[in-house]
Every structure is written in C-alpha cells, then in structure tokens.
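Here's a quick briefing to read alongside the model. Have the sequence and the 3D view open as you go.

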Amino acid sequence: TLQVKIAANDKSRRAREGYIKVFTGDENVCKMIPVVQSGNPDYEGPEGLPILDLYFDFTTNFMGWPTASQSTGEYVYPLDGVDYSFEFGRCNMGKYLVIHNVGAYLGLPAIENYRLTKVTAVVSSNNSKARGAAVSADPAGTILVSEDIEWPAAPSVEVVYELEDTQYNTRYYLINTPGHPSGGLPTAAVILHYDP
C-alpha cells in the first residue's frame, strides 16, 4: 500500500496530473500510480506587475517566419528586447500572416506570472470574405475560452475576443473554426492583453 499526499499548486488555478512509477525487484514488473494536484482557486498572480498590451505586427516578416504554405513549429517574435514564442499550426507569412483552413491555429505566447484575457485580431487590408475564429485552450479547438466570432467581409477590421477563465503561464490558440463561409484567416496583427 502506498499513500501519496500532494500539496496544491499555489501558483496556478489549474489542476495538474501526472504519474509515479513504482519498480519492483523484477525489471518487468512495475506499477503506475496516477497523481492529481489541485490548483489554487484564489491565485491572482504576483502584485506590482503592470498590465501588458502587446502589439504584434504581421505585415512585415523581419522575424524570418516561414513563408511555405501551412508551416508548423515554434517561432520567436522579438518585441522591445523580449523574445515571445508563437506556435504555427498550419500558418505562413506573406504580405500578412495566414492561418490556413478549419482547424489551423496560431499559438499565442504564454508569459510567466501573466494570463491572457483579451485577443484583438486585426484583419488584413485586402480582406473581402467572411471568415471565422475563436480562442481555444487547446490546439484541437475543443476547449473554447472565447466566443466563436465571424470575421466580416471587410478589410482592416479589429475582431475582439474577451477570454473567460484563462490560466497563468498558459498558451492559448487563435483557431480557424468551422461553420463560416471562407478559408484561411488573413491576419495583419494581433493585440494581446495580459493581466498580472
């Protein structure tokens, strides 16, 4: 019999799961014990940190992001001396960033001691078709933390996503959603609002 007591994760409201692997004298015999660590529902982040509003312009490719259609991977955007990590899930750079077709996504930066609470997507200056997107807690788009909003068939529009119940130090995903008239998301910029 093995009893395990796990203290709550004081610096996050999110629960975490893991395993303890127990080995015996026989290398072919082991036991996996699931462990769940609860979060701290009262965690609000450290005091004294400023609110962050970060503007990421995708109308120039000074950062050298991939131009090949439907690229994947993690890429850095340097801004004011800080490297911010984005994740491509079938995206590419051209005259602007394109998030291709339904299910494609742009993973947004996770920042230590901050939580993302609002995303503003700026539609490209040449857009003429309606499209649709939401912000998700997972790249599969199964856990939405915003409304699924249709982007209008108009250029240079700002589409604002107010996020619900987001966690600290966590990446969220701007994801192309089904049920809208057109394909890829032509994105000129994103403005990301983080609360400490």
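How many salt bridges does a search of the whole structure find? The search finds 2, where a salt bridge means a side-chain nitrogen of Lys or Arg within 4 Å of a carboxyl oxygen of Asp or Glu. Keep in mind that this is a predicted model: local features need pLDDT of at least 70, side-chain atom pairs count only at pLDDT 80 or more, and totals for chains, interfaces and linings use all residues. Residues are numbered from 1 along each chain as its sequence is written, and side-chain values use heavy atoms, with hydrogens and water left out.

**Salt bridges**

- Glu74 pairs with Arg171, and their closest N and O atoms sit 3.6 Å apart.
- That pair links distant parts of the chain, 97 residues apart: Glu74 is in strand β4 (residues 71-79), and Arg171 is in the loop between β11 (158-162) and β12 (173-176). Strands here are DSSP runs (E, at least two residues), numbered from the N terminus.
- Glu87 also forms a salt bridge with Arg171, again with 3.6 Å between the closest N and O atoms.
- This second pair spans 84 residues, from Glu87 in strand β5 to Arg171 in the loop between β11 and β12.
- Is Arg171 buried or exposed? Arg171 counts as buried, at 16% relative accessibility, while Glu74 is exposed at 54%. The cut-offs are under 20% relative accessible area for buried, over 50% for exposed and partly exposed in between (1.4 Å probe, protein chains only).

**Surface patches**

- Glu147, Asp148, Glu150 and Glu164 gather in a negatively charged patch on the surface. Patch members have over 30% relative accessible area and no salt bridge, with like charges joined within 9 Å and nonpolar side chains (Val, Leu, Ile, Met, Phe, Trp, Tyr) within 5 Å.
- For the charges, Asp and Glu count as negative and Lys and Arg as positive, with His and the chain ends not counted; each charge is placed at NZ of Lys, CZ of Arg, CG of Asp or CD of Glu.
- Areas come from the Shrake-Rupley method with a 1.4 Å probe, and for residues only the protein chains shown count as cover.
- One of its members, Ile6, is found in the segment before β1 (16-23) and is partly exposed at 38%.

**Positive phi**

- Arg90 isn't a glycine, yet its phi is positive, at about 75°. You'll find Arg90 in strand β5 (residues 82-93), partly exposed at 27%.
- Asn113 isn't a glycine either, and its phi is about 70°, also positive. Asn113 lies in the loop between β7 (105-107) and β8 (115-123) and is partly exposed at 24%.

**Cysteines**

- The whole-structure search turns up 0 disulfides, a disulfide being a pair of cysteine sulfur atoms within 2.5 Å.
- Cys30 is partly exposed at 37% relative accessibility, whereas Cys91 is buried at 0%.

How values were computed. Helices (H or I, at least four residues) and strands (E, at least two) are DSSP runs, numbered from the N terminus.
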